[in-house]
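Dear colleague,

I am handing over the structure that we spoke about, and I would be glad if you read these notes with the model open beside them.

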Amino acid sequence: MKNGINALLAQAGWSADSVQQVLMSGGGCAIPRAISNMKAMFPTASFPVGKFEVSETQCIGACLHGKFLFELVSLSLLMCVYLYIVVV
């Protein structure tokens with residue numbers, strides 16, 4: 001598990017410290033050893049408190065990703081408007 005996560009982080013160009021939240025889903029998220037391993041790998045990340053149903057975690061993940069994309073697009077649009085104002 002650690003090797004796969006480290007390879008994924010390297011491929012994305014991220015460090016473990018850049019991960020802000022970790023949301024675990026599936027049967028493995030109930031295993032104490034898996035939880036402690038994830039917390040050790042991402043010491044600065046927050047782990048949502050509570051247990052979610054497997055079907056809920058996909059929705060929560062989609063919402064978090066949507067929030068990230070919205071903030072990214074909002075920033076891009078703001079920069080375009082600023083550039084338009086400066087150029088014109």
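To read what follows, please keep in mind that Ala, Val, Leu, Ile, Met, Phe, Trp, Tyr, Cys and Pro count as nonpolar, that Asp, Glu, Lys and Arg count as charged, and that the others, Gly among them, count as polar. This is a predicted model, in which local features need pLDDT of at least 70 and side-chain atom pairs count only at pLDDT 80 or more, while totals for chains, interfaces and linings use all residues. Residues are numbered from 1 along each chain as its sequence is written, and side-chain values use heavy atoms, with hydrogens and water left out.

The protein chain has 3 helices and 0 strands, where helices (H or I, at least four residues) and strands (E, at least two) are DSSP runs numbered from the N terminus. Of its 88 residues, 14% count as buried, and buried here means under 20% relative accessible area, found with a 1.4 Å probe on protein chains only.

The largest nonpolar core has 9 residues, namely I5, L9, V19, V22, M38, M41, F42, A45 and F47; such a core is a set of buried Ala, Val, Leu, Ile, Met, Phe, Trp, Tyr and Cys residues joined through side-chain atoms within 4.5 Å. To this core α1 and α2 each supply at least two residues. If we leave aside neighbours within four places in sequence, F47 is in contact (heavy atoms within 4.5 Å) with V22, M24, M38, K39 and F42.

N37, which lies in helix α2 (residues 32-41), is buried because its relative accessible area is 18%. Not counting residues up to four places away in sequence, N37 touches M1 and K2.

The largest pocket has a volume of about 850 Å³. On a 1 Å grid over the protein atoms alone, a pocket is an open set of points where a 1.4 Å probe fits, with protein on both sides within 12 Å along at least five of seven lines, and lining residues have an atom within 4 Å of a point. Grid points are joined across faces, edges and corners, and the volume is the space filled by probe spheres set on the points. This pocket is lined by 22 residues, of which W14, V19, Q20, Q21 and V22 lie nearest its centre. The elements that give two or more residues to the lining are α1 (2-12) and α3 (54-87), and α3 gives the most, with 7 residues. By class, the lining has 13 nonpolar, 7 polar and 2 charged residues.

With best wishes

Key. Buried < 20%, exposed > 50% of the residue type's maximum accessible area, 1.4 Å probe, protein only.
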